[in-house]
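Work through the exercises below with the sequence and the model at hand, and try each task before reading its solution.

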Amino acid sequence: KAFPSGKKDLKSQTKFIDVAGLEQAKAEVVEFVDFLKEPKKYEKLGARVPRGGLFVGPPGTGKTLLAKAVAGEADCPFYSMSGSDFVEMYVGVGASRVRDLFKQARDNSPSIIFIDEIDAIGRKRGKGGFTGGNDERESTLNQMLVEMDGFNSSTGVVVLAGTNRVDILDNALLRPGRFDRQIAIDRPDMSEREQIYMVHLKPLKLEEGLDRENVAKRMAALTPGFAGADISNVCNEAAIFAARRAASSVAMDDFERATERVIGGLPKNNSLMS
Ligand code: ATP
């Protein structure tokens with residue numbers, strides 16, 4: 001199933017505090033949270049309510065995480081699907097999945113829909129050629145546009161999407177009332193990496209004498225270019241290394257070996273880490 005069935009118990013538990021760094025992006029999405037919590041405030045003033053936001057950035061940088069946090073902060077359910085799920089489907093299936101997804105979200109509103117890898121269905125149309133599945137992609141995309149255009153101020157659904165290729169997106173998606181707001185989600189710099197390590201080190205039992213701040217600082221310096229997903233991987237691998245040598249806590253050496261392993265796997269595994 002591309003997405004879970006719509007139940008109130010699917011409320012997201014993720015909060016902004018789980019998303020390290022990305023301060024600018026968090027500041028930008030606060031408005032979505034506020035709208036989901038208090039739609040009346042906007043309606044009363046005749047404001048055009050935000051419908052869609054596009055998170056633009058490389059893989060593993062926290063786009064899905066941030067979308068979940070928006071849902072968590074607004075205390076509402078989170079529905080998601082990945083654009084790549086639709087690429088090799090029979091004609092008509094994609095469009096009907098989109099219809100179902102939006103219906104669930106509307107039935108359980110206020111709610112959030114997140115579409116990961118929207119470029120897989122939302123790339124520029126009308127190029128033709130032998131790119132098999134093109135018709136399917138178009139009908140899926142069209143259905144999404146129809147659904148979003150059908151929203152009104154009382155629909156109470158915000159649609160967020162993630163991509164690392166905004167340049168190939170169909171312009172129709174970027175028009176006002178659709179994904180008209182772009183929010184950059186960049187790779188973390190040194191101090192942001194440190195903050196992300198702080199989050200992912202939390203569940204680990206560190207060797208005596210190692211403190212979390214210190215490990216986070218050292219690891220942030222050791223892993224330039226790492227995205228949040230890579231950092232989460234390093235922390236988990238380090239704990240696995242420690243378990244394999246039957247240690248009772250995780251040592252600095254485990255982190256170093258884990259880093260090598262994650263770097264070794266980067267080109268192959270990068271897209272699998274999210
Ligand atoms: P993709 O484009 O590949 O789908 P994404 O940008 O949606 O990637 P996420 O799925 O949100 O990335 O991130 C994967 C995991 O990496 C998260 O579940 C989280 O554990 C970790 N992570 C990523 N960014 C952050 C961050 N800023 N703070 C804390 N953890 C993070």
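The model is predicted, with local features requiring pLDDT of at least 70 and side-chain atom pairs counting only at pLDDT 80 or more, while totals for chains, interfaces and linings use all residues. Residues are numbered from 1 along each chain as its sequence is written, and side-chain values use heavy atoms, leaving out hydrogens and water.

**Exercise 1.** Describe which residues surround the ligand and which helices supply them.

Solution. Begin with the shell, meaning residues with a heavy atom within 4 Å of the ligand: it holds 18 residues, and the closest are Ala 20, Gly 60, Thr 64, Asp 116 and His 200. Next, sort the shell by class, which gives seven nonpolar, eight polar and three charged residues; here Ala, Val, Leu, Ile, Met, Phe, Trp, Tyr, Cys and Pro count as nonpolar, Asp, Glu, Lys and Arg as charged, and the others, Gly among them, as polar. Finally, look at the helices (DSSP runs of H or I, at least four residues, numbered from the N terminus): α3 (63–73), α7 (190–201) and α9 (228–244) each supply at least two residues of the shell.

**Exercise 2.** Find backbone atoms that lie within 3.5 Å of a ligand N or O atom, the cut-off for a polar contact between N or O atoms.

Solution. A polar backbone atom of Ala 20 is 2.8 Å from a nitrogen atom of the ligand. Oxygen atoms of the ligand take part as well, with a polar backbone atom of Gly 62 at 3.1 Å and a backbone N or O atom of Leu 65 at 2.9 Å.

**Exercise 3.** How do α1 and α3, and then α7 and α8, cross?

Solution. Take the axes as lines fitted to C-alpha atoms over the stretch in contact, with angles from 0 to 180 degrees between N-to-C directions. The axes of α1 (residues 23–37) and α3 come within 9 Å and cross at roughly 40 degrees. That makes α1 oblique to α3, since angles under 35 degrees count as roughly parallel, over 145 as roughly antiparallel, 65 to 115 as roughly perpendicular and the rest as oblique. For α7 and α8 (residues 212–222), the axes come within 8 Å and cross at roughly 135 degrees, and these helices are therefore oblique to each other.

**Exercise 4.** Locate the cis peptide bond and the residue with a positive phi that is not a glycine.

Solution. Most residues other than glycine have a negative phi, and most peptide bonds are trans. A cis peptide bond, with omega about 0 degrees, joins Ser 109 and Pro 110, and Pro 110 sits in the loop between α4 (93–107) and β3 (111–116), where a strand is a DSSP run of E, at least two residues. Leu 22, in the segment before α1, has a positive phi of about 50 degrees.

Methods. Polar contact = N/O pair within 3.5 Å; in protein donor to acceptor, adjacent residues only side chain to side chain.
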